[in-house]
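Have the model open as you read.

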2 protein chains.
Amino acid sequence: MPDTRQRLIDGTIETIRQHGIAGTTARSIAAAAGVTQALVFYHFGSVQELVKAACLAVTQDRLPLFEERLARMRSLGDLLALHTDEQARGNLRVLAQMMAGARGNPQLAAATAAALRLWLAPLRATLERLLADRLDAGGLAEALCAALLGLELVDAVDPATATTALTALHRLSTNLPD
Amino acid sequence: MPDTRQRLIDGTIETIRQHGIAGTTARSIAAAAGVTQALVFYHFGSVQELVKAACLAVTQDRLPLFEERLARMRSLGDLLALHTDEQARGNLRVLAQMMAGARGNPQLAAATAAALRLWLAPLRATLERLLADRLDAGGLAEALCAALLGLELVDAVDPATATTALTALHRLSTNLPD
DNA sequence: GTCTATACCAGGATAGAC
DNA sequence: GTCTATCCTGGTATAGAC
């Protein structure tokens, strides 16, 4: 049985994934973690601090693997295949929900902005390598990130439309000028 | 002084814009509308129903103008200029927040999905006209919508990054094969 | 239709036993 | 470190006067 701090972080991520940021409370987190609600406050002081810790964890846990796979990429198509794996894990959905909850919440905004930059740096480097000088790689990395985050929103209300849009991105990636 | 139903709808939109869906409560809406909290329930029965009504309103109000401007478009650049106007009004931000709140909320999901389709249909028609058969216009309309919604999330946590990404989309629109 | 007052409940947070 | 029990606040919703 892993230590309680880790179970609470995992429970938070799972709760956000399933119920969205609005449905993420001390009680729902504790239920997902299989512990008592009081432990949220014993270990993290507040729900907000736990959510911030979960934000950091969901980013840092996958980052080494993410960077390693990016380094081996040969095409934009590979990039979208990587996204398929990450999407299945639901990490992007968690990040999208946290960003939505960050509107009007400076503390959560700072935490998610840090997570976003952590993903963005290696992604930008990879796009610069793949695209050379043919396109504005820096801005494209950010636009691509935004598009994939937006897809998580669309998926929440209309999964079929999200699938169609993702397919279009795949096709577009093979049609960019080179 | 406009009628109370309308003031409540306007107050809801304004509240979501400023405080996000998580900060949108019967009390905050009533404060924005300048009326008493009890009137939310008298006129709409529940906060949820009011939010759904606001979702419909924020979509339908701008739709005629939106469609008219789309019909006159000559290039993808015109499209992003139109987006600049809509973004300034904050309607897209409201829709993004509603979609985020719709995760795990079937009723709100249905309402926002309907709004999304209302925007999407004329946008798809315009892209089909502009792109002819050069690209998959249907899927691109959906991908573009997702990207712009995602930008609203990024903007909440890191406005500078959102601006960079939008600039990249502008540049990309002039680099698509034709 | 609009207000004040209030019932009710869920969520955040703390106290204290173990 | 973990539990049960509890407090308090703020959010939803209703009752009843005007």
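Which residues are linked with A:R93 in a network of salt bridges? The network joins A:R93, A:E152, A:D155 and B:R103. A salt bridge here is a side-chain nitrogen of Lys or Arg within 4 Å of a carboxyl oxygen of Asp or Glu. Over all chains, the structure holds 22 of them.

Before going on, note that this is a predicted model: local features need pLDDT of at least 70, side-chain atom pairs count only at pLDDT 80 or more, and totals for chains, interfaces and linings use all residues. Residues are numbered from 1 along each chain as its sequence is written, and side-chain values use heavy atoms, without hydrogens and water.

| Salt bridge | Closest N to O |
|---|---|
| A:R69 with A:D85 | 2.6 Å |
| A:R93 with A:D155 | 3.8 Å |

A:R93 sits at 23% relative accessibility, so it counts as partly exposed (buried is under 20% relative accessible area, exposed over 50%, partly exposed in between, with a 1.4 Å probe and protein chains only). A:R69, at 25%, is partly exposed, and A:D85 is partly exposed at 35%.

Now for the packing in chain B. Helix 1 (residues 4–19) of chain B meets helix 2 (residues 26–33) of chain B at about 115°, with axes 8 Å apart. (Helices are DSSP runs of H or I, at least four residues, numbered from the N terminus; axes are lines fitted to C-alpha atoms over the stretch in contact, and angles run from 0 to 180 degrees between N-to-C directions.)

How values were computed. Chains lettered and ligands numbered in written order. Helix = DSSP H or I, 4+ residues; strand = E, 2+ residues; numbered from the N terminus.
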